[in-house]
Amino acid sequence: MTSLGLLEELPGRGLLVEVVGGRRDGELLVLVDGGRGRHCRQVRELLEGCEVDRELLDALSRLAAGPPAEVRRASRRAAPEQTWPSVFTTEEASIARSDSSRAVAARLLESLLDECQLASWRRGRRFEVKVPQGVVQLGELYNLWFRANNGTELSLCVVPREHRTLPVEDIWTNLLLTLRADPNQFFRVANYRPYGSSGAHGPGPVPLV
Amino acid sequence: MGVMRVLDHTGDTAVMFDARDESTLDAARELFDQLAAEGKLAFARGLGEREGVRIQEFDPHAEEIIWVRPLQGG
């Protein structure tokens with residue numbers, strides 16, 4: 001059975017979903033607010049026979065409703081199928097996960113690491129970055145370990161914009177360079193929670209004593 | 001010869017420029033301005049250096065410029 005899972009709502013752009021199972025397993029799709037018949041058919045075909053979870057259905061409804069007033073008015077006048085979102089592109093997100101893209105990204109990342117970081121990266125695919133606020137470990141997406149100078153341990157969630165179109169090694173390069181250059185900005189935008197807790201991350205800025 | 005690397009879905013896209021070749025510099029400057037306008041961040045480093053330095057303007061003598069994206073809470 002093929003199912004569709006909502007990965008992320010992209011404000012102003014649509015919904016990022018992943019196909020699980022079937023011949024399109026692993027494919028990432030962006031559903032955007034469309035309104036053209038051809039795209040509507042694409043989405044109908046995509047959803048046909050798929051298991052769609054409640055979270056995605058709710059998000060699809062929100063997307064079809066559309067936040068701008070002009071879109072809502074147009075939707076009310078239009079035929080029902082014209083309110084369906086459309087499939088935009090899968091290509092960039094899929095390519096970003098390919099071995100060749102990840103190899104290119106890994107080369108650049110490794111060229112930026114010092115000896116200690118490089119050894120740690122090669123050993124366990126993670127490395128630490130010392131900043132004036134403490135130590136941040138890069139390597140686990142959406143759950144970056146941070147130990148502040150006062151000993152407090154937090155889990156941080158911070159990513160580059162549109163990070164799903166980047167190989168994961170590029171995400172570490174992005175975070176490494178920006179963290180080294182402007183740690184204050186890093187901690188300003190990062191979401192956080194106590195390290196080891198399973199609750200949702202709270203919005204930044206990260207409290208630093 | 002310098003190179004601008006723009007992080008993207010392929011790993012990165014490299015754009016070469018040569019301080020002695022005005023046509024490559026024009027193209028590189030144009031790309032630099034475009035990426036900066038998109039809110040991306042540029043870091044320059046010399047060959048073999050592990051640290052990148054944030055730059056705000058195109059440096060025709062930079063050996064490598066790496067473009068990354070702004071951060072957001074995940």
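Chain B and chain A bury an area of about 2500 Å² between them, and carbon and sulfur atoms give 58% of it. On the chain B side, His9(B), Arg50(B) and Leu71(B) lose the most area to chain A, together 30% of what that side buries. This is a predicted model. The contact draws 34 residues from chain A and 24 residues from chain B. One salt bridge is found across the interface. Glu51(B) pairs with Arg180(A) in a salt bridge, with the closest N and O atoms 3.8 Å apart.

Next, the sheet of chain B. Its five strands form an open sheet in the order β2-β1-β5-β3-β4, with mixed pairing. Strands β2 (11-17) and β4 (53-55) of chain B stand at the edges with a single partner strand each, so one side of each has no neighbour in the sheet. On average, neighbouring strands are turned by 30° against each other, direction ignored. Strands β3 (residues 41-45) and β5 (residues 64-68) of chain B pair antiparallel over five bridges. Ala42(B) stands opposite Trp67(B) in β5(B).

Two helices contact this sheet, as the table sets out.

| Helix | Strands of chain B | Angle to β2(B) |
|---|---|---|
| α5(A) | β1, β2, β3 and β5 | about 70° |
| α1 of chain B (residues 22-37) | β1, β2, β3, β4 and β5 | about 140° |

Helix α5 of chain A covers residues 99-112. At 1.5 Å a residue, its 14 residues should span 20 Å, and the end C-alpha atoms are 20 Å apart, so the two values agree. Buried residues in α5(A) include Ser101(A), Ala105(A), Leu109(A) and Glu110(A).

Terms used
Residues are numbered from 1 along each chain as its sequence is written. Chains are lettered from A and ligands numbered from 1 in the order in which they are written. This is a predicted model: local features need pLDDT of at least 70, side-chain atom pairs count only at pLDDT 80 or more; totals for chains, interfaces and linings use all residues. Side-chain values use heavy atoms; hydrogens and water are left out. Helices (H or I, at least four residues) and strands (E, at least two) are DSSP runs, numbered from the N terminus. The expected span of a helix is 1.5 Å times one less than its number of residues. Buried means under 20% relative accessible area, exposed over 50%, partly exposed in between (1.4 Å probe, protein chains only). Two strands pair if DSSP finds at least two bridges between them. Axes are lines fitted to C-alpha atoms, for helices over the stretch in contact, and angles run from 0 to 180 degrees between N-to-C directions. Contact means heavy atoms within 4.5 Å. Buried area is the accessible area (1.4 Å probe) that two parts lose on being put together, summed over both. A salt bridge is a side-chain nitrogen of Lys or Arg within 4 Å of a carboxyl oxygen of Asp or Glu.
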